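This report is written for a reader meeting the structure for the first time. Please look over the sequence and the model, and then follow the text from the sheet to the helices.

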Amino acid sequence: MSNIADLIEDYILRRLAAEHNRKVELKRSDIADEISCAPSQISYVLSTRFTQDKGFVVESRRGLGGFIRIGRVPLQDLIYQDILAKIDEDIALDEVNNIIHYLFKRELIQKREAALLLQTLSTVFDKLDAKERVSFIKSLIMTLANFS
């Protein structure tokens, strides 16, 4: 038999799967009534199983008129966010090349895009100062993210 946390998670995932826009708005009281659990158990499940690291965005408001809004963030968005966070003024060309290879291996970019990025960055990398380099690399990565 499943424990309460598993039942709550399954309920939320089923409701999320039924939505086409990858977002669902629920009420704690509805979940608690459906599963016969305490609202604090719902809060526990939200904070441990529906985290940003696992691809979810949760907005929650308690009290009268309260709600839980849960959205699924595509994995590729998380990957691009993580990459952007790692790009700073100390980044080396080898690290940038590794990022491009990582994106290619995960099929987030095609071979042709990877080749163009590698060539472009190897040509301009040393010609830009650190701030310009970071801005240029982040701009390229954000363009890829927006077109994926």
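Which residue in S3 does Val 57 stand opposite? Val 57 stands opposite Gly 71 in S3.

The model is a predicted one, in which local features need pLDDT of at least 70 and side-chain atom pairs count only at pLDDT 80 or more, while totals for chains, interfaces and linings use all residues. Residues are numbered from 1 along each chain as its sequence is written, and side-chain values use heavy atoms, with hydrogens and water left out.

**The sheet**

Helices (H or I, at least four residues) and strands (E, at least two) are DSSP runs, numbered from the N terminus. Three strands form an open sheet in the order S1-S3-S2, with antiparallel pairing, where two strands pair if DSSP finds at least two bridges between them. S1 and strand S2 (56-61) stand at the edges with a single partner strand each, so one side of each is left without a neighbour in the sheet. From one strand to the next, the twist averages 10°; angles run from 0 to 180 degrees between N-to-C directions, and axes are lines fitted to C-alpha atoms, for helices over the stretch in contact.

S1 is joined to strand S3 (residues 67-72) by four bridges, and these two strands run antiparallel. Within this pairing, Glu 25 stands opposite Arg 69 in S3, and Leu 26 stands opposite Ile 68 in S3. S2 and S3, in turn, pair in the antiparallel sense over six bridges.

In a regular strand the side chains alternate between the two faces of the sheet. S1 has a covered face with Val 24 and Leu 26, and an uncovered face with Lys 23 and Glu 25. Helix H1 (residues 4-18) lies across S1, S2 and S3, and runs at about 125° to S1.

Lys 27 is placed in the loop between strand S1 (23-26) and helix H2 (28-35), and its C-alpha atom is separated by 6.7 Å from that of Gly 66, although the two are 39 residues apart along the chain. Lys 27 is partly exposed, at a relative accessible area of 40%; buried means under 20% relative accessible area, exposed over 50%, and partly exposed in between (1.4 Å probe, protein chains only).

Ser 36, in the loop between H2 and helix H3 (39-49), has a positive phi of about 60° although it is not a glycine, and at 62% relative accessibility Ser 36 counts as exposed. Glu 107, in the loop between H5 and H6, likewise has a positive phi of about 60° without being a glycine, and Glu 107 is exposed, with a relative accessible area of 67%.

**Helix packing**

Two packed helices are described by the angle between their axes and the distance between the axes.

| Helix pair | Angle | Axis distance |
|---|---|---|
| H4 (residues 75-86) and H5 (residues 93-105) | about 175° | 12 Å |
| H5 and H6 | about 170° | 10 Å |

Angles under 35 degrees count as roughly parallel, over 145 as roughly antiparallel, 65 to 115 as roughly perpendicular and the rest as oblique. The angle of about 175° between H4 and H5 makes H4 roughly antiparallel to H5. Ile 79, Tyr 80 and Ile 83 in H4 meet Ile 99, Tyr 102 and Leu 103 in H5, where contact means heavy atoms within 4.5 Å. By class, the contact of H4 with H5 has six nonpolar, no polar and no charged residues; Ala, Val, Leu, Ile, Met, Phe, Trp, Tyr, Cys and Pro count as nonpolar, Asp, Glu, Lys and Arg as charged, and the others, Gly among them, as polar.

H5 and H6, at about 170°, are therefore roughly antiparallel to each other. Residues making this contact include Leu 93, Asn 97 and Phe 104 of H5 and Lys 111, Leu 118 and Ser 122 of H6. The contact of H5 with H6 divides into eight nonpolar, three polar and one charged residue.

**The nonpolar cores**

A nonpolar core is a set of buried Ala, Val, Leu, Ile, Met, Phe, Trp, Tyr and Cys residues joined through side-chain atoms within 4.5 Å. The largest such core has 20 residues, and those with the most contacts inside it are Ile 87, Leu 103, Ile 109, Ile 137 and Ile 141. H4, H5, helix H6 (111-124) and helix H7 (130-147) each supply at least two residues of this core. Apart from it lies another core, of 18 residues, among them Cys 37, Ile 42, Phe 56 and Ile 68.
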